[in-house]
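Here is a short report on a protein model. Look at the structure first, then read on.

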Amino acid sequence: MKSGVRFNRRNFLKISFFAACFLPFLQYCSKVVKSFIVKVSGTNHVLGHQLWAKNFPKPAEISKHKFIIVGTGISGLSAARFFKNNGIDDFVLLEMENHFGGNSSNGENKFSKFPLGAHYLPIPNKADEELKTFLKESKIYLKDDENGEPIFDEYQVTYAPEERLFYKNEWQENLVPQYATSGKVKAEFQRFFQLMDDFRKKKDSAGKFWFDIPIKNASQNDEVKNLEKFTFKEWLVENQFHSDELFWYLNYCCKDDFGLGIDFVSAWAGIFYFSARKNDWSKKYDGHVFTWAEGNARLANHLAKFSEGKIIKNHLTYDCKINENDEVELLVFDNISKKSKKIFAEKALFATPQFVNQYLFPERKKATESLVYAPWLLVTFQMNENFGAEEELNWDNVIYGVEGLGYIYNQHQNTVFNTSKKIITYYRSFSSENTKKARRNLYKMTEEEMKKLVLDELKLAHPHFEEMVEEIYFHKLGHGMISPVLNSVFSEKKEFLKKDIDNKIFFAHTDLSGISIFEEAFHQGIDTAKKMLQ
């Protein structure tokens, strides 16, 4: 859900050990918060589940457009941008939720915005001209200097200190465990990172990188595809890696980008995490990322500028067919007026996940059963002035050895320094062999159960954490992201799901690439919109 690798080999190799700089709190002011406000939200899965029954009223309105886009995540918004830039104005976007952006949306209180999903974008590969153009449109990438080095808006690149790890009861810089680790462990990390460097440069006989972003540009030779036949954990053991510290770190990385850990994702996916990003566009910003208080909702808002006045929210598409007039005919439920509508279009793009599409196109249901979606819990805390008073909060703050992925300090990028309240967001994916069961358990989880789950972890690093909480905002994502398990990215079922229907109904979503990152969603939208115009 954090959407992108932050691995920085250079920093690790410079550090042989690290002595902690911060001490835990020794005392607090006498007045502490003894109770706090709790709020719970999530995707509108109750409305979504009505697709099963399709118990909707008969259509009361009729309208017609050239193109319909169903879904306003990054893929849908990216497709709309492509239409607009190519002179197409007769299109609308239909969205079930009361907001756009999908997993790139955000919440906000009077102290800060905060993410409700993905929250940063790694610096893209130099060859990705389409994404670089978008970043220039968005005034994130400004221009090149006289040496061809990109100049970015400094306020949108992570400030220092960037990330820290609570390890052996101390905070250390960087997320690779370093303080008081053995020489043997350090040697394993160095050997692993060297192997990933080798994979990053590796090409097939046709000159394609083994691993690249977007995946469509990467090699699909048999040797590469065979890496999908066993788990990342199995690959590590086969290659004589054994240290607990390395396994913890790689498990963290995989859960961060894929929702599932090294026991479940394929070796291909684990190596992709470290090797697909070439770190070749900027020497100055090696290892940095673009980030904002609201997370990738900033990027969704940039894309949405191309769809101004065309996004129709609270509308669930519950049926779709090609009628006798060779038109795409959609039935849509307006969850505000509680009325159904019939919409006709020349072509339609479903930028929706396949677990939704299977109820609109039953022939896709069997292929969809093979897809695995990881559930996520995001928790945003409003903390009082004591939190972080005697330590320097980093942008990313992670606790070693726990199931959660740590917390982001959402105000880290703020240019106006305000210590009155601090807003942080904790991430946790539920890595499990049975994600359906994990999803059901998440939906059933009570406020007290969620509080205990999260606070027990955070109090390991901040013993008085609960005393400083003023407000908690839980956000449940049952189908948080597609997870690249064994034989999933290059499967025949995935190829079937990508195909359009009679050059009339098209599909674009990260679960069709198998990796849920911004770049894949962005390119899925563009590529599919191009096909629609052919």
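Phenylalanine 274 is buried, because its relative accessibility is 2%. Buried means under 20% relative accessible area, exposed means over 50%, and partly exposed lies in between (1.4 Å probe, protein chains only). Phenylalanine 192 is buried too, at 0%.

This is a predicted model: local features need pLDDT of at least 70, side-chain atom pairs count only at pLDDT 80 or more, and totals for chains, interfaces and linings use all residues. Residues are numbered from 1 along each chain as its sequence is written, and side-chain values use heavy atoms, with hydrogens and water left out.

**Rings and charges**

The structure holds 44 aromatic pairs. Rings of Phe, Tyr and Trp (its six-membered ring) pair if their centres lie within 6.5 Å; planes under 30 degrees apart count as stacked, over 60 as edge-to-face and the rest as tilted. Phenylalanine 192 and phenylalanine 274 make an edge-to-face pair, with 5.1 Å between centres and 85° between planes. The pair links distant parts of the chain, 82 residues apart: phenylalanine 192 sits in helix α6 (residues 183-201) and phenylalanine 274 in helix α10 (residues 267-275). Helices (H or I, at least four residues) and strands (E, at least two) are DSSP runs, numbered from the N terminus.

A charge sits over a ring if NZ of Lys or CZ of Arg is within 6 Å of the ring centre and within 35 degrees of the ring normal.

| Charge | Ring | Distance from ring centre |
|---|---|---|
| Arginine 164 | Tryptophan 171 | 3.6 Å |
| Arginine 191 | Phenylalanine 241 | 3.9 Å |

**Cysteines**

How many disulfides are there? The count comes to zero, where a disulfide is a pair of cysteine sulfur atoms within 2.5 Å. For cysteine 254, the nearest cysteine sulfur is that of cysteine 253, 6.8 Å away. Cysteine 254 counts as buried, at 0% relative accessibility.

**The sheet**

An open sheet of eight strands runs in the order β1-β20-β16-β19-β18-β17-β9-β10, with mixed pairing. Two strands pair if DSSP finds at least two bridges between them. β1 (37-42) and β10 (170-173) stand at the edges with a single partner strand each, so one side of each lacks a neighbour in the sheet.

Strands β16 (residues 373-383) and β19 (residues 422-429) run antiparallel, joined by eight bridges. Tryptophan 376 stands opposite serine 429 in β19.
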